[in-house]
Amino acid sequence: MTRPTVPPLVDFVKALCSSGLVEKDQLRKYLASYRGKTCSGQEVLLLSKQLHDDGLLTRWQLRRLLQGQSRGFFVGKYKLLEKLGEGGMGTVYKAEHTMMRRLVAIKVLPIVGNGSLPAARQQMLVERFLRECQATAALDHRHVIRVHDFDSNGKCYYLVMEYVAG
């Protein structure tokens with residue numbers, strides 16, 4: 001198995017800044033210790049480890065940033081922390097409400113806008129997802145996960161649910 005390529009420090013910091021995951025002032029404090037260094041892959045890995053160890057980034061977020069991805073970390077007012085699973089109706093993430101700091105699970109149905117699905121098929125998937133959300137929200141039992149919200153941000157529809165570890 002080959003080790004993934006580590007981007008230069010400048011590229012990693014650019015991706016991190018545009019991601020919105022770490023406040024710029026907070027990031028400046030971390031970068032102060034790297035001034036004048038060679039900016040090798042080792043510095044990127046050290047900075048990554050430091051950000052993770054201090055609880056600012058999750059492993060999932062770091063993996064994506066190290067791959068050069070700087071978007072897709074937020075859905076509405078929720079910060080995605082890790083991918084929990086994937087299925088026919090979308091992807092489920094562990095997330096945190098950005099203001100309340102409440103952990104939730106979010107099921108995301110992406111809107112396909114590149115023409116890969118006909119509009120009628122896409123509409124059928126959205127209607128099916130909405131029915132699933134309504135059916136789940138109608139349930140109220142201590143052994144069933146509670147639904148908090150259903151929304152769309154123009155790029156995807158998402159269902160916000162109670163997060164239960166395990």
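A residue is called buried when its relative accessible area is under 20%, exposed when over 50%, and partly exposed in between (1.4 Å probe, protein chains only). The model described here is predicted, so local features need pLDDT of at least 70 and side-chain atom pairs count only at pLDDT 80 or more, while totals for chains, interfaces and linings use all residues. Residues are numbered from 1 along each chain as its sequence is written, and side-chain values use heavy atoms, with hydrogens and water left out.

Helices (H or I, at least four residues) and strands (E, at least two) are DSSP runs, numbered from the N terminus. Strand S4 is largely enclosed by the rest of the structure, because six of its eight residues are buried.

Six strands make up an open, antiparallel sheet. Their order is S1-S2-S3-S4-S6-S5. The edges are taken by S1 (74–75) and S5 (147–152). Each has a single partner strand, so one side of each is left without a neighbour in the sheet. Two strands count as paired if DSSP finds at least two bridges between them. In general, strands of a sheet pair through backbone hydrogen bonds, either parallel or antiparallel.

S4 pairs with S3 over six bridges, in the antiparallel sense. Glu96 stands opposite Leu103 of S4. S3 and S4 form a hairpin, with five residues between them. Arg101 lies in the turn and has a positive phi of about 60 degrees. S4 also pairs with S6, antiparallel, over seven bridges. Here Ala105 stands opposite Met161 of S6. S6 (residues 156–162) is in turn joined to S5 by five bridges, and these two strands run antiparallel. Asp149 has Val160 of S6 as its bridge partner.

Helix H5 (residues 119–138) packs on the sheet. It touches S4 (103–110), S5 and S6, where contact means heavy atoms within 4.5 Å. The direction of H5 makes about 155 degrees with that of S4. Axes are lines fitted to C-alpha atoms, for helices over the stretch in contact, and angles run from 0 to 180 degrees between N-to-C directions.

Helix H4 (residues 59–66) lies across S2 and S3. H4 runs at about 90 degrees to S2. The buried residues of H4 are Trp60, Gln61, Leu62, Arg64 and Leu65. Their cover includes helix H1 (9–19), helix H3 (41–53), strand S2 (78–87) and strand S3 (90–97). Just after H4, Gly68 takes a positive phi of about 90 degrees.

The structure holds eight salt bridges, each defined by a side-chain nitrogen of Lys or Arg within 4 Å of a carboxyl oxygen of Asp or Glu. One of them joins the side chains of Lys49 and Asp53 (2.6 Å, N to O). These two residues are four apart in helix H3, so about one helical turn separates them. Asp53 is partly exposed, at 48% relative accessible area. Another salt bridge joins Glu86 and Lys83 (2.9 Å, N to O). Glu86 is exposed at 59% relative accessibility, and Lys83 is partly exposed at 38%.

The hairpin residue Arg101 also takes part in a salt bridge, with the side chain of Glu96 (3.8 Å, N to O). Glu96 is buried, with a relative accessible area of 15%, whereas Arg101 is exposed at 56%. Lys79, Glu96 and Arg101 are linked in a network of salt bridges.
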